[in-house]
Structures are given as C-alpha cells and as structure tokens.
Amino acid sequence: MKYVVSGCLAGLACRYDGGSKPYEAVRRLVETGRAVTACPESLSGLPVPRPPCEQRDGRVIMRTGEDVTEAFERGAERAMRTVREHGCTAAILKARSPSCGFGEIYDGSFTGATCPGEGVWARRLREAGLVLYSEDDLPPELTGKAD
C-alpha cells in the first residue's frame, strides 16, 4: 500500500501556525519510501503562517471572516496530482482539519468544538477511493497492534 500523508504529520512546517504535528510512524513511512507528503493548504497559495481556518456551512472561513474556500479547493486539486503521480491507495490525514479531517472537523466557531464532516481534500481522497486514516487511528501495520 502506498500512502499519501498530511505534510504536517511527516514533520513539515506547513500548518496554519507555521508548525508541524510529527508522528514517528508517519515519518518512518516517508523515510522508507512507502509514503509521499502533500499539504493542500500550502499548495493552495495561502501563506504560512496564516490565520486559522475552519469550515462553516460548507465554506472554509478564516478566523478573520475571509472566505478561502476557493483556495482550499485549488490546494486539494494540486494535492490530488501527487496522489495520482505516485499511485497512492491510502492516506494518513491530520484529524479535524478543514482540509484533511474526516468523520469530524472543527465546527467553524474557532472554540475547539467539532461537528460531523470532512475536509476539502479528505472528501476528494474518499471520492477517489483511497482508504483514509488519521493520526488518531493509524493502520495496525504501523502501530504494531492487531485488528
């Protein structure tokens, strides 16, 4: 299985705050060539760092109130090119992110509250048939735990 992983989980400083959220198992996948990185938010053309963004009513909104949905869509499409070029069949994504979250995402109140939903890129990955994981639910082969 070839993975595409959220860049921040591989240690890339691409998050809205200019930081990363590295996970050792994800970093090992990249180092061994079993995964490639992509960050749709960086690929969107938005700056790093930038104000935090969350989804509200199907749109991606910065804390400042600016609607950046089109930029997120552009970044998701650019990240999908990486998926296609490398033949990825699964993804490990940053939980709750407006791009990468699936199952639940931040609710647009900028309070840390979540709601059911999926990020812009996560939706595209799911529609393309990829198996989705988050850092909260890594595949057993990476954690050493049986199903």
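Student: Is Ser 97 buried or exposed?

Tutor: In this predicted model, Ser 97 counts as buried because its relative accessibility is 9%, and buried means under 20%.

Student: Where in the chain is the place of Ser 97?

Tutor: Ser 97 is in the loop between strand E5 (90–93) and strand E6 (102–106).

Student: Which backbone nitrogen atoms lie 3.0 Å from a polar atom of its side chain?

Tutor: The backbone nitrogen of Ser 99 lies at 3.0 Å from a polar side-chain atom of Ser 97. The backbone nitrogen of Cys 100 also lies 3.0 Å from a polar atom of that side chain.

Student: And which residues does Ser 97 touch, not counting those up to four places away in sequence?

Tutor: With those set aside, Ser 97 touches Glu 41, Ile 105 and Gly 119.

Student: Turning to pockets, what volume does the largest pocket have?

Tutor: The volume of the largest pocket is about 420 Å³. It is lined by 26 residues, and those closest to its centre are Arg 15, Tyr 16, Ser 97, Pro 98 and Tyr 106.

Student: Which elements give two or more residues to that lining?

Tutor: They are helix H2 (40–43) and strand E3 (53–56).

Student: How many residues of the lining are nonpolar, polar and charged?

Tutor: The lining of the largest pocket has 14 nonpolar residues, 5 polar ones and 7 charged ones.

Student: Now helix H1. Which of its residues are buried?

Tutor: In H1, which spans residues 24–31, the buried residues are Ala 25, Val 26 and Leu 29. They lie on the same side of H1 because they cover an arc of only 100° around the axis.

Student: Why do residues three or four places apart point the same way in an α-helix?

Tutor: An α-helix has 3.6 residues a turn, so residues at that spacing point the same way.

Student: What covers the buried residues of H1?

Tutor: The cover includes strand E1 (3–6), strand E2 (35–38), E5 and helix H5 (140–143).

Student: Which residue with positive phi follows H1?

Tutor: H1 is followed by Gly 33, with a positive phi near 80°.

Student: One more: where is Val 36, and is it buried or exposed?

Tutor: Val 36 is in strand E2. Val 36 is buried, since its relative accessible area is 13%.

Student: Which residues is Val 36 in contact with, leaving aside neighbours within four places in sequence?

Tutor: Its contacts are Lys 2, Tyr 3, Val 4, Val 5, Thr 82, His 86 and Cys 88. Val 36 and His 86 are 50 residues apart along the chain, with their C-alpha atoms separated by 7.8 Å.

Conventions. Residues are numbered from 1 along each chain as its sequence is written. This is a predicted model: local features need pLDDT of at least 70, side-chain atom pairs count only at pLDDT 80 or more; totals for chains, interfaces and linings use all residues. Side-chain values use heavy atoms; hydrogens and water are left out. On a 1 Å grid over the protein atoms alone, a cavity is a set of points where a 1.4 Å probe fits but cannot get out, and a pocket is an open set with protein on both sides within 12 Å along at least five of seven lines; lining residues have an atom within 4 Å of a point. Grid points are joined across faces, edges and corners, and a volume is the space filled by probe spheres set on the points. Helices (H or I, at least four residues) and strands (E, at least two) are DSSP runs, numbered from the N terminus. Ala, Val, Leu, Ile, Met, Phe, Trp, Tyr, Cys and Pro count as nonpolar, Asp, Glu, Lys and Arg as charged, and the others, Gly among them, as polar. Buried means under 20% relative accessible area, exposed over 50%, partly exposed in between (1.4 Å probe, protein chains only). A polar contact is a pair of N or O atoms within 3.5 Å; within protein, one must be able to donate a hydrogen and the other to accept it, and residues adjacent in sequence count only if both atoms are side-chain atoms. Contact means heavy atoms within 4.5 Å. The arc is that of the directions from the helix axis to the C-beta atoms.
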